[in-house]
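This briefing looks at how one pair of neighbouring elements is arranged and then at the protein around them. Please keep the sequence and the model at hand while reading.

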Amino acid sequence: MVSLRSAVMSGVRNIALRYRQTTVEFPLASNGLSSVASARVKSGVPAAPAMKKTDWDKRIQRAVELAQRYPSAAEVLAFYRHILEFQKTLCADVASLFLPAAGVKAAFRERLDLDIAIRQLPALLALVQREGPSKLAQEAAGIGRASSEQQGRMLRSFLLSTDGDEPESNHFFARVLFQPQAEHLAATKQMQSADSSASVCPVCGARPQVAVLRPEGDGGKRFLVCSFCSTEWEFRRILCPVCGEQDHKKLPRYSVEDMPSVRVEACDTCKYYLKSVDMTIDGLAVPVVDEVATAALDVWAIEQGFHKISPNLMGF
């Protein structure tokens with residue numbers, strides 16, 4: 001199966017090469033622990049932040065702004081903007097969902113509506129064929145030629161799979177369709193306080209997409225953002241989300257001067273990483289969008305032998 005990642009990798013690889021070539025002036029180097037990062041999260045189980053309704057317009061506008069700031073990422077962001085605009089149109093279909101019968105408790109993914117996703121699939125396939133990278137457009141055309149039963153099985157298998165088990169291309173189409181539902185459902189749930197060392201989303205169980213450092217007092221508090229429903233939960237500052245490593249010497253941070261608010265947070269023990277968006281530096285950041293806009297850092301991290309905890313919607 002052809003992945004979105006392979007479809008756009010060549011362009012973003014050029015971005016990464018340009019950043020690596022600036023290492024004399026702007027070194028991509030380990031920052032260790034900054035004065036902010038050395039602040040300790042208070043003990044005890046923290047209260048989870050209130051889940052808010054997704055502001056799709058804010059995401060779309062941020063994609064436009066970052067395309068102007070990072071021209072070399074403009075092509076990826078332009079396609080991402082089309083996807084965000086499409087996802088925004090899906091919200092009307094999901095607004096009345098998720099009213100379970102009294103006393104009925106269903107797993108998170110069981111409450112997502114497969115029929116709505118099947119109904120929305122043709123419009124997504126048409127969009128990708130019109131605006132997407134050529135290889136992904138070919139994949140969309142192939143899915144469009146499949147029978148409705150085959151298309152339904154593809155989407156159903158995503159709901160039944162554990163996180164990341166589906167082929168990357170199928171994962172893209174299903175994720176685009178189900179993510180608005182998942183975010184809407186997460187916003188309606190009353191999330192309980194989460195353990196600050198929980199490595200998966202306390203609402204849907206998916207892996208984190210990105211970390212975010214939000215201002216608090218004289219420093220910042222670290223949260224992880226779910227790769228599926230976008231729930232945020234507090235997470236300890238000095239802790240690997242994959243293997244639980246706590247030795248700060250084995251948890252390097254990498255940054256580049258051109259992107260000061262986004263850094264790679266890696267683990268030398270398990271060799272996994274995720275990116276972190278520091279809103280103490282850029283308070284206007286939209287973490288899921290800024291994460292996509294800095295795909296060059298993903299290319300660099302992967303070439304250093306690290307593996308991403310969860311690829312973003314664009315496949316990086």
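Helices, of at least four residues, and strands, of at least two, are taken here as DSSP runs and numbered from the N terminus. Counted in that way, the protein, which is a predicted model, has nine helices and eight strands.

**The protein as a whole**
- Of the 316 residues of the protein, 53% count as buried.
- When contacts between residues at least 6 apart in sequence are considered, 68% of them join residues that are at least 24 apart.

**Geometry of the H4 and H5 pair**
- Helix H4, covering residues 114-131, packs with helix H5, covering residues 134-145, at an angle of about 150°, and their axes are 8 Å apart.
- Because angles over 145 degrees count as roughly antiparallel, H4 and H5 are therefore described as roughly antiparallel to each other.
- The crossing in which H4 passes H5 is left-handed.

**Residues of the contact**
- On the H4 side the contact is made by Leu-121, Leu-125, Val-128 and Gln-129, while H5 contributes Leu-136, Ala-137, Ala-140, Ala-141, Ile-143 and Gly-144.

**Helix H5 on its own**
- H5 has 12 residues and reaches 17 Å from its first C-alpha to its last, which is close to the 16 Å expected at 1.5 Å a residue.
- The buried residues in H5 include Leu-136, Ala-137, Glu-139, Ala-140, Ala-141 and Ile-143.

Notes:
Residues numbered from 1 in each chain as written. Predicted model: local features only at pLDDT ≥ 70, side-chain atom pairs only at ≥ 80, totals over all residues. Heavy atoms only, no water. Axes fitted to C-alpha atoms, helices over the stretch in contact; angles between N-to-C directions. Parallel < 35°, antiparallel > 145°, perpendicular 65-115°, else oblique. Left-handed = near helix turned anticlockwise from the far one by under 90°. Contact = heavy atoms within 4.5 Å. Expected span 1.5 Å × (residues − 1). Buried < 20%, exposed > 50% of the residue type's maximum accessible area, 1.4 Å probe, protein only.
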